[in-house]
Every structure is written in structure tokens, then in C-alpha cells.
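Let's take a look at how a protein chain packs itself together. Have the sequence and the 3D view handy as you read.

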Amino acid sequence: MSLKLLQELAGVTPDGKFGKNTFKAGAAYLGITVHERAVHFFAQLAHESAMFKSFSENLDYRASSLLRVFSSYFPDQEIADIYAHNPERIANRVYANRMGNGDYKSGDGWKFRGRGAIQLTGTNNYKAFSESINDPEVLIHPEIVAEKYSFTSAMFFFTNRNLWEICDEGFSEETIKKVTKKINGGLNGIEERIKLTLKYKGYIL
């Protein structure tokens, strides 16, 4: 679900720009009724999706990036060179035998790579999401997570990770960091996340 699709479904001008009207209408469409929850939700999604422009994991890594980011899977230059700029092979190597995926040859790593405004990754997570919305098509054509369910899958993520309760704590820097750690595992991009949260804080439901 692109931002334009969310806007269309929520009844606002589908211009692909996130502002006060989209914040209010988008939250209503998704069923978010608490201001703090809407603010944290959209601020975190904005950062995670490059301001609502990217809804599928980019695995087009150069060799040097593979050595830095996925050093346990690409321990030397020779292996990194073989996989560089081949997203499908990279996904199948990095995500093999994890999160319910089969081995490299199964292709599950690529099939169930990260998609959505907060990237849903791995067979187990796709299966759980599919069951939560009662749509088995998610497992047959997982690309619909990026096309149709980007924001819905993010709602599932927030619920599944018990993030809403943290959002209710307010807008302190400590709270923003707690939400970020639940999503990111660390504090990557924390400056922008704080900036976006404080910006959207001024938006009204």
C-alpha cells in the first residue's frame, strides 16, 4: 500500500505527500484513535520507508557493504564479490534457515524478504500476518504486502511487538528511543526519528 493508496482509501487527495490531513484521515482509516499512538506510528514509518517512498527491502549491496553489514554471511572479499549486486542471491544466503525459511535453494529468503512500511521479513512473520488478516494470498503472492498491506502490516508489527503501550508514554526522548529499539534493535536514525515525532506531535487527530 503506497502512501497514495492509503490517502485514496482514507478519502484525502492522493498526492503522495504526508501532511496534517493524511495524518488525521490515515489514522482514522487504520483505526488509530489515540494521538500518541498515531504520532509514533507515522513518525517511525516515515523513517523506515524513506518518507513513505520505499516499501520493499533493497538488497542491492556492493561487496564492501556486504563485508560490513553481513560479515557473518560474507566473511571474505572473494565471497562478497560473487554475491555483490545480486539481490536475490544475497537474500537467499542471508535469510536461509531463519525465521521459518528453508535453505538457500528453497528461495524463501528472496520470496519472504522485507516488505511493508516496517519490513515484514521471513516465512513465520508472513504466515502470522496472513493469519491475522485472514488472507492466505499473502503466502502465495507475498509482494502484496508491499503493494496492498504496507500500513496494515505495520499495524500488525506494532501490535505484535507491544509497541502501542510504549507509545502511550508520551513524546519524551526516552520514549522515542524505547520505540525505536523495539523496531530497529538499536538507535539507527534516532535523530530523524525524534525530529519526525516532534513534528507530527503538532498534528491533530
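Below is a short tour, from the overall fold to the inside. Keep in mind that this is a predicted model.

Start with the fold: the chain has 14 helices and zero strands. So how does its overall size compare with that of a compact globule? For 205 residues, such a globule would have a radius of gyration near 17 Å, and the chain comes out at 18 Å, which agrees. Here are some whole-chain values:

| Property of the protein chain | Value |
|---|---|
| Span of the C-alpha trace along the principal axes | about 55 × 35 × 30 Å |
| Residues that count as buried | 45% |
| Accessible surface | about 10,300 Å² |
| Share of that surface from carbon and sulfur atoms | 48% |

Charges come next. There are 26 positive and 24 negative side chains, and the centres of the two sets sit 4 Å apart.

Now for the inside. In soluble globular proteins, nonpolar side chains tend to be buried together. Here, the largest nonpolar core holds 35 residues, and those touching the most other members include Phe 41, Phe 42, Phe 151 and Tyr 200. Among the elements that give two or more residues to this core are helix 1 (3–10), helix 3 (35–48) and helix 14 (190–201). Helix 3 supplies the largest share, seven residues.

Elsewhere, a second, separate core has twelve residues, including Leu 66, Phe 74, Tyr 83 and Ala 91.

Conventions: Residues numbered from 1 in each chain as written. Predicted model: local features only at pLDDT ≥ 70, side-chain atom pairs only at ≥ 80, totals over all residues. Heavy atoms only, no water. Core = buried A, V, L, I, M, F, W, Y, C linked by side-chain atoms within 4.5 Å. Buried < 20%, exposed > 50% of the residue type's maximum accessible area, 1.4 Å probe, protein only. Helix = DSSP H or I, 4+ residues; strand = E, 2+ residues; numbered from the N terminus. Rg over C-alpha atoms; globule rule 2.2 N^0.38 Å. Areas by Shrake-Rupley, 256 points an atom, 1.4 Å probe, with all protein chains shown as cover. Lys, Arg positive; Asp, Glu negative; His and termini not counted. Charge placed at Lys NZ, Arg CZ, Asp CG, Glu CD.
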